[in-house]
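Here is a short report on one chain.

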Amino acid sequence: MALAGSARRAGAAAVGSGRWITDSVTETAPHIPIRDLSTLSEHHGGLQGNALAEALVATAARSTGAIGVAGGLVASLELATPPLLLTTPVQVAAETLAVVAIELKLVAELHEVYGQPAAGTAAVKTAAYLGAWTRRHALVRTPGRGGVIITLNAGRRELRRRILRRAGTNMTTVIPFLGGAVAGGTLNARETRRLAERMVRELGGQLS
């Protein structure tokens, strides 16, 4: 797996401190494909508004849940073998990066659904959505300023803290046997939906 190989090359200290995941997130974020409203609606049978948001959230939650399940299965296969002690931090880091990428894409596309996308250059948009994901708040629109979107840029230290908190959820995948797969899948999906519910509410929508 390319992510695992990159994490191993970075070293245990970089992985354990969250530096590798943070670097990888900031490098990957600008390349995550964000669909506009018309494309999203077309890809989901013409759905709009809350119904479209619900479909996006369900897909994202299934995806992050599947990552947790897969991670748990890998851990169960490696249980009781010496390499597990070395691969666990790498496994958790790689899973966390994948989960963050999915949730970041979801955050951006929910803003598209409710007609409040970030404005500016690609770099500005990336920073805005990373800030929204980090702080668990939608971008702020100020009517008095001509509908300007106020971005919630987050500092690198704040981003790393949030990523490490998200990595804590993925630690459940190393629980022995299939318990890790069940716990990892359930917690990942729950956290993704919790994030989405807050975003949707702040964007003026509601999930069922």
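The chain has 9 helices and 2 strands. Helices (H or I, at least four residues) and strands (E, at least two) are DSSP runs, numbered from the N terminus. In order from the N terminus, the elements read α-α-α-α-α-α-α-β-β-α-α.

This is a predicted model: local features need pLDDT of at least 70, side-chain atom pairs count only at pLDDT 80 or more, and totals for chains, interfaces and linings use all residues. Residues are numbered from 1 along each chain as its sequence is written, and side-chain values use heavy atoms, with hydrogens and water left out.

**Overall packing**

Of the 208 residues in the chain, 44% are buried. Buried means under 20% relative accessible area, exposed over 50%, and partly exposed in between (1.4 Å probe, protein chains only). The chain exposes about 10,000 Å², and carbon and sulfur atoms supply 61% of that area. Accessible areas come from the Shrake-Rupley method with a 1.4 Å probe; for residues, only the protein chains shown count as cover.

Contact means heavy atoms within 4.5 Å. Among contacts between residues at least 6 apart in sequence, 71% join residues at least 24 apart.

**The core and W133**

The largest nonpolar core has 37 residues. Such a core is a set of buried Ala, Val, Leu, Ile, Met, Phe, Trp, Tyr and Cys residues joined through side-chain atoms within 4.5 Å. L110 and W133 have the most contacts inside this core. The elements that give two or more residues to it are helix 3 (19–28), helix 5 (49–78), helix 6 (83–113), helix 7 (122–135), helix 8 (156–170) and helix 9. Helix 6 gives the largest share, 9 residues.

Not counting residues up to four places away in sequence, W133 touches V100, E103, L104, V107, L159, R162, I163, R166, L195 and M199. R136 lies over the face of W133, at 4.7 Å from the ring centre. A charge sits over a ring if NZ of Lys or CZ of Arg is within 6 Å of the ring centre and within 35 degrees of the ring normal. R136 is found in the loop between helix 7 and strand 1 (140–142). R136 has a positive phi of about 60 degrees, although it is not a glycine.

The table gives the relative accessible area of each.

| Residue | Relative accessible area |
|---|---|
| N188 | 1% |
| E109 | 2% |
| R136 | 11% |
| Y114 | 16% |

What does the side chain of N188 reach? N188 is found in helix 9 (residues 178–202). Its side chain reaches the backbone oxygen of T64 at 2.9 Å.

E109 is found in helix 6. The side chain of E109 makes a polar contact with the side chain of R35 (2.8 Å). A polar contact is a pair of N or O atoms within 3.5 Å; within protein, one must be able to donate a hydrogen and the other to accept it, and residues adjacent in sequence count only if both atoms are side-chain atoms. Beyond four places in sequence, E109 touches P33, I34, R35, L40 and L56.

Y114 sits in the loop between helix 6 and helix 7. Leaving aside neighbours within four places in sequence, Y114 is in contact with G49, N50, A53, V200, L203, G205 and Q206.
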